[in-house]
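Please find below a short note for a colleague who has not seen this model before. It moves from the whole chain to single residues.

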Amino acid sequence: MEEEDFVIKDIDQKDRFDKDKFTGEDITLEAYDRISVDDFGTMALKKMGWREDKGIGKRKHVQDLILPKLRGHRQGLGADPIPQIKDKKQINKEKREQQQDITGQNKRQQDEAAAQNKFGIKNRMEVFIVSGEHEGLKGIVTSVNNDRNECNVELKNGVTLRISLYDVQDVEKRNQQIKELEQMKNKDKKSKKDKKKKKRSKSSDSDNSDNQGNNNNSRSRSRSGSNKKKEAKTRNPSSSPENKKSKKKKEKKPKKEKKEKKLKWVLPKIRVKIISKELENLYNTKAVIQDVLSEKQFQIISEKGDILDDLKEKDIQTVLPSVENTVLIVGGEFRGKKAILKSRDKKQNTVIIMLTEPPFDLLQCTQDDVCEYVNQ
């Protein structure tokens, strides 16, 4: 061969950066996706003629895998080896069986908890709040927590309350109990009336038997006495029982009307909560005091847009915002001034606020002395 075949020819500078002329095509991603990583080794063995059911070699004898018996860490010869390593299939089966056992136990526990629920409260049940802060209201149960003996009750206005199962009673059972009590009361009244009638009948029978011998002698006296009574009534008509009743009615004094109390803490532009149970549609909802009409009257606007001016201070409650929001002081020396809420302690019923006006002091007061300010 000539020497020119072994000489590397020079390449133009333009072609040096054209890699497609000197490199082959890269393998596409589709080729990688055809074979997964787990099956890569098995595919290589199958290409070389290996099959699961057939052996390798002339005799083609299927030989089971020989797994090493490992000893524990820092264990010498003669020590008890580690138990045989389990296959992944066996491990997965055991895990499934354990999960099934756990789920079965959980179902049993739930059934037992439901059986232990002596209150009989279930979801979508209409209940009556017997005691507590929200006593006298009705609602529907949305969820029950048997572990904490609590349930969530949705009122007619859509507000949900978390209430103890001890404070709730099924409406149907309550109505049945009320009927049974009324029946018992009616029976007691009837029995008392029957006893009184029997006593009266016995006393009248005894009086008749004693007075039978004296009737003849007393007739003349009774006639004369009755005539005298009639004459006395004609002379003094005021002594009659009818006139006495009329006098008692006239003598009754008229009831004094209750005076309305003056407002103590209500101020305009504060957010409050309605706690009057008479207003079922607005109970436990928030509203804003629009204006103070007089010393005894104020006007509020609810979240639904209802305007009310016939509420009293006992029908509403103060509301606190989150920290670093503005509040209005409604009680104490700085009543009517704005401040920023810095911290809140529910257990001690205290808050720390900072005035937004000079002297910008930090003050500590009760939660009732502060209310959320609404800048409209």
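Predicted model: local features only at pLDDT ≥ 70, side-chain atom pairs only at ≥ 80, totals over all residues.

1. Residues are numbered from 1 along each chain as its sequence is written, and side-chain values use heavy atoms, with hydrogens and water left out.

2. The protein chain has seven helices and 15 strands; these are DSSP runs numbered from the N terminus (helices H or I, at least four residues; strands E, at least two).

3. Of the 376 residues in the protein chain, 19% are buried. Buried means under 20% relative accessible area, exposed over 50%, and partly exposed in between (1.4 Å probe, protein chains only).

4. Among contacts (heavy atoms within 4.5 Å) with a separation of 6 or more, 40% join residues 24 or more positions apart.

5. Most residues other than glycine have a negative phi, and most peptide bonds are trans. Arg124, in the loop between helix H4 (88-116) and strand S1 (126-129), has a positive phi, near 60 degrees. Arg124 is exposed, at 78% relative accessible area.

6. Glu324 also has a positive phi, near 70 degrees. Glu324 sits in the loop between strand S10 (316-318) and strand S11 (326-329), and is partly exposed at 48% relative accessibility.

7. Which form does the peptide bond from Pro358 to Pro359 take, cis or trans? The bond is cis, with omega near 20 degrees. Pro359 belongs to the loop between strand S13 (350-355) and strand S14 (362-366).
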